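Please look over the sequence and the three-dimensional structure shown here, and then read the briefing that follows.

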Amino acid sequence: MDNEIIDKTEIENKSKKVGIVSCSGEDLPEGSISRLATLEVLLRRKPLDTTTVCLPLFIAGGEGDRLFAKNYPTITVDGCEKLCAKKATEKYSGKVTHSINVKDFIKDNKKPVNRRNLNKYEKEIAEKVADEISRKVDDILKEQ
Amino acid sequence: MNFQEYIYDKFIFKVKNEIYYHKDGCWVEKVENIATIGVTDFFQTLNGDVASVSLFGIGINLKQGDPIGDIETMKVSFELASPVSGEIIEHNKLLDNSPELVNLNPYGDGWLLKVKLDDFEKDKINLMNSKSYFDFMKLKVEEEGEKFKSGQ
Amino acid sequence: MASDKKVLVVPCSGIGKPIGTVSRETTYEIVENLRKGKAETVCLALLTSQDKETIEKVKNNYCITLDGCARHCAKKNTEQCGKVPDKSYMILKFAAANPDKKPQGLIDIGDGGKALVDTISDTIVKDIDSLLEDK
């Protein structure tokens with residue numbers, strides 16, 4: 001199948017957005033916190049300045065999905081030391097501009113325990129992670 | 001098969017060449033006196049995951065602009081307008097169990113129905129060729145831009 | 001031994017659609033409540049990043065994938081790791097069959113979404129029981 005691509009340069013004019021890729025790790029509470037913090041920024045705090053792609057679309061999706069980190073300066077948000085969002089983005093898509101790990105926001109070894117129906121403490125962690133994502137979004141946009 | 005692609009944000013919108021387009025979201029591919037009809041890539045992206053497709057019956061005669069059925073997605077339910085005049089002669093049976101084909105392959109396996117044409121020359125007055133539709137689509141993409149964001 | 005096997009329920013990450021959140025919530029309902037001890041989940045992101053330990057775990061247990069939409073992220077990422085899921089589901093199909101149970105939002109799926117979670121869970125637990133009995 002031949003694909004004739006026209007107007008590909010349109011994307012250059014529209015990349016004044018920051019990409020956020022969350023691990024969304026289903027098996028860990030930190031994954032749920034990562035997801036919640038990312039959604040908080042995407043939907044409420046920076047809806048016009050940010051965009052996202054589901055991480056597994058780097059494998060399941062098409063070329064457009066894998067172009068994500070090439071098209072946007074990208075912040076990855078991970079829940080644990082495995083750094084899935086960072087590693088998979090670097091492997092399949094492109095350079096990561098900034099990497100955030102939820103673990104860095106957990107103080108005094110008070111581990112979150114809920115993967116759903118997050119409690120007050122867990123939501124506070126998500127808020128702090130969202131604060132950091134938002135700060136980084138602003139920093140990136142200032143540099144552009 | 002030849003396509004034009006327009007990239008906006010993280011989306012790639014495809015426009016298939018050498019077919020016709022109606023402003024309300026359908027494409028038409030004419031082979032002899034039979035038109036195959038589907039929805040455009042832009043239309044399916046805008047409206048989201050298709051949950052079900054209900055079309056008017058075989059044998060029904062349509063005028064251009066008449067409703068031909070409903071598509072229900074996870075976001076909206078809407079009525080489709082026929083891009084041509086003629087008699088419905090076939091539905092895409094694949095959509096009974098796999099309506100998601102409309103999203104996955106809107107110009108291929110996701111076609112909706114076939115119509116035996118009455119007067120395509122007259123219908124063409126209100127249709128766009130692929131180049132005109134591409135320009136029209138770009139404007140629509142810009143207008144609807146924020147609707148493509150997460151959760152909307 | 002077959003009796004040591006568990007069923008891994010692998011949801012998609014669907015961060016862009018309410019049906020993605022339904023996929024996640026359904027998984028938790030099953031592994032934390034309805035079939036606790038018999039079913040578990042794994043992070044789909046670990047399959048995407050090709051984590052060896054997770055790939056082994058998926059290969060050595062039964063696997064049900066639960067995708068939100070037709071992009072089939074959970075199914076395709078699982079297959080990419082060399083495991084064909086024992087069962088694959090798409091939330092969209094359940095949503096189509098239950099139009100009165102529509103998820104409302106990405107963060108809070110609302111009462112409609114919760115009702116859909118219950119409906120889907122009822123189907124999947126039957127598969128889990130079937131996979132675990134006399135294998």
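A residue is called buried if 20 or more other C-beta atoms lie within 10 Å of its own, exposed if 12 or fewer do, and partly exposed in between, with the C-beta atoms placed from the backbone. This is a predicted model, in which local features need pLDDT of at least 70 and side-chain atom pairs count only at pLDDT 80 or more, while totals for chains, interfaces and linings use all residues. Residues are numbered from 1 along each chain as its sequence is written, and chains are lettered from A and ligands numbered from 1 in the order in which they are written. Helices (H or I, at least four residues) and strands (E, at least two) are DSSP runs, numbered from the N terminus.

**A buried helix in chain C**
- Helix α4 of chain C, residues 73–80, has 6 of its 8 residues buried, so this helix is largely enclosed by the rest of the structure.
- The buried residues of α4(C) are C:Cys73, C:Ala74, C:Lys75, C:Lys76, C:Asn77 and C:Thr78.
- These buried residues pack against α3 (57–60) of chain A and, within chain C, against β1 (7–11), α2 (44–48), α3 (52–59), β3 (62–67) and β4 (87–90); two residues are in contact if their C-beta atoms, placed from the backbone, lie within 7 Å.
- Just after α4(C) comes C:Gly82, which takes a positive phi of about 95°.

**Chain A as a whole**
- Chain A has 7 helices and 5 strands, and from the N terminus on its elements run β-α-β-α-β-α-α-α-β-α-β-α.
- Of the 144 residues in chain A, 49% are buried.
- Among the contacts in chain A with a separation of 6 or more, 68% are between residues 24 or more positions apart.

**Two packed helices in chain A**
- Helix α2 (residues 29–45) and helix α7 (residues 120–143) of chain A pack at an angle of about 50°, with their axes 8 Å apart; axes are lines fitted to C-alpha atoms, for helices over the stretch in contact, and angles run from 0 to 180 degrees between N-to-C directions.
- That angle makes α2(A) oblique to α7(A), given that angles under 35 degrees count as roughly parallel, over 145 as roughly antiparallel, 65 to 115 as roughly perpendicular and the rest as oblique.
- The residues that make the contact include A:Leu36, A:Glu40 and A:Val41 of α2(A) and A:Ala126, A:Ala130 and A:Ile133 of α7(A).
- A:Glu40 lies in helix α2 of chain A and counts as buried because it has 20 C-beta neighbours inside 10 Å.
- Not counting residues up to four places away in sequence, A:Glu40 touches A:Arg45, A:Ala126 and A:Ala130.
- The C-alpha atoms of A:Glu40 and A:Asp131 are separated by 9.5 Å, although these residues are 91 residues apart along the chain.

**The sheet in chain B**
- In chain B, 6 strands form an open sheet in the order β3-β4-β5-β11-β10-β7, and the pairing is antiparallel; two strands pair if DSSP finds at least two bridges between them.
- At the edges stand β3 (20–21) and β7 (61–62) of chain B, each with a single partner strand, so one side of each is left without a neighbour in the sheet.
- Strand β5 (residues 34–39) and strand β11 (residues 113–117) of chain B pair in the antiparallel sense over 4 bridges, and the bridge partner of B:Thr36 in β11(B) is B:Lys114.

**Where chain B touches chain C**
- In this interface, 10 residues of chain B are in contact with 12 residues of chain C.
- On the chain B side, β6 (50–55) and α3 (101–104) each supply at least two residues.
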